[in-house]
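Here's a quick briefing on some charged pairs and a bit of strand pairing. Have the structure open while you read.

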Amino acid sequence: MRVSIGIFAAFLFLLSVYVMPALALVPDEVLVIANRNASKSKGLASWYMQKRQIPKENLLLVFVTDKETCSRETYLKKIVPPVRRALDKNRKISAIVTMYGLPLKISSPGMTKKEQARMDRLTVQKKRFDALKEKNEPLTEEQKKTLNQVNKKIKQLKTSTDKAASLDSELMLIKKEHYKLNFWLPNPFFLPWRSQKTAIDKSDVIMVSRLDGADASIVKRIVNDSIEAETKGLSGTAYFDARWKDPGQKKVSGYGLYDKSIHNAAGRLKKEGVTVVLDDKQSLFQPGDCPNAALYCGWYSLAKYVDSFTWEKGAVGFHIASSECATLKGKNSHVWCKKMLDNGIAATIGPVGEPYVQSFPLPEVFFNFLTQGKLTLAESYLVSLPYLSWKQVLVGDPLYRIKINNSL
């Protein structure tokens, strides 16, 4: 994952002084989208709406592929128009649930003609140098410098023209008619940027959460466990898996910043009286290390879920690594989102592709507001998520509001 330098330098202070007002997401503000082309999608949507007392008129049926990936054209033609009509019809809607059976990600339409022309020119330059190297002709210092510049420009162009995204992240900007597709867009609700001017206005953003999993039974378990945890309280242990020692007041960025944020999340919960286990060694939690897990955040094991946890009902957690939500259906996949849902977690977060570390929700922001009990799962995600029109996905009941049991 790529790392930007110092982008969130001030967020530690901001979190310590900022009190987020409760947005008070309620059932009649939720739009549920189901796929008429997917078995069980409509039935699950109706069941969920009844459980959460969401008005029947808040159900939107679309007809799209039931595969996990759809094209950009499909998204624009078959999903965008009906969703916008639904939002225009009901101005109270502030959150969307994407239901089991809807695509998980939107494929990239590729480069524009202008972008492809530039890539072609750079590729021709690179091939010239490659031909010299194949002939074992030594490059001059000037040629080496030029080749490095060409390679850097090719990489930057590939990165800046990445138009693949999660369906849910794109839907968060469904109210905005036109916006730049290349790469990501800053989220105006992201706590550290709350006083900064962003290209996207808050009025353009809507919350999106997904009820999905390998099969329909997982969706029902997610909802039932969330409601039970709200009623009885979430109990268990909070597990945080950092890789390095807490740097204290030392300035950090990139990977170090997120590792520090894991330390801060653990520290804040500990001060609130929550039972916390923090591992700051390079190795991950091993099988059996995390009984009665209620909360979790850690990194880095790419697409190799480690079965360390027995999840409490209503448990919430995410793993910081690339493409951990690339599939929720793949039978042989070991990505973290899928495996955590298979094994009993109620809510998780992950990217459908290469996200870069700075696009993940900041752990201390997410867990701080989630465990205060004032914001719902979807709201806690909203204020902790740096970028939109990108890769991240929130899987869980958006209305889930954590009630901490005294034993947690």
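K338 and D342 meet through their side chains in a salt bridge, at 2.5 Å from N to O; the term covers a side-chain nitrogen of Lys or Arg within 4 Å of a carboxyl oxygen of Asp or Glu. Keep in mind that this is a predicted model, where local features need pLDDT of at least 70, side-chain atom pairs count only at pLDDT 80 or more, and totals for chains, interfaces and linings use all residues. Residues are numbered from 1 along each chain as its sequence is written, and side-chain values use heavy atoms, with hydrogens and water left out.

- K338 counts as buried at 5% relative accessibility, while D342 is partly exposed at 30%. Buried means under 20% relative accessible area, exposed over 50%, and partly exposed in between (1.4 Å probe, protein chains only).

**Salt bridges across the chain**
- The whole structure holds 20 salt bridges.
- K313 pairs with E228, with the closest N and O atoms 3.3 Å apart. K313 is in strand β12 (residues 309-319) and E228 in helix α7 (residues 216-232), so this bridge ties together parts 85 residues apart in sequence.
- Both partners come out as partly exposed: K313 has a relative accessible area of 46%, and E228 is at 26%.
- E364 and R268 form another salt bridge, with 3.5 Å between the closest N and O atoms. It links distant parts of the chain, with E364 in helix α10 (residues 363-372) and R268 in helix α8 (residues 255-271), 96 residues apart.
- E364 is buried at 1%, whereas R268 is partly exposed at 27%.
- There's also a salt-bridge network, linking D168, R210, D212 and K329.

**The sheet**
- Four strands make an open sheet, ordered β10-β9-β11-β12, with parallel pairing; two strands pair if DSSP finds at least two bridges between them.
- β10 (276-279) and β12 are at the edges with a single partner strand each, so one side of each has no neighbour in the sheet.
- From one strand to the next, the twist averages 25°, using axes that are lines fitted to C-alpha atoms (for helices over the stretch in contact) and angles that run from 0 to 180 degrees between N-to-C directions.
- Strands β9 (residues 237-241) and β11 (residues 290-298) pair in the parallel sense over five bridges.
- F240 stands opposite C297 in β11.

Notes. Helix = DSSP H or I, 4+ residues; strand = E, 2+ residues; numbered from the N terminus.
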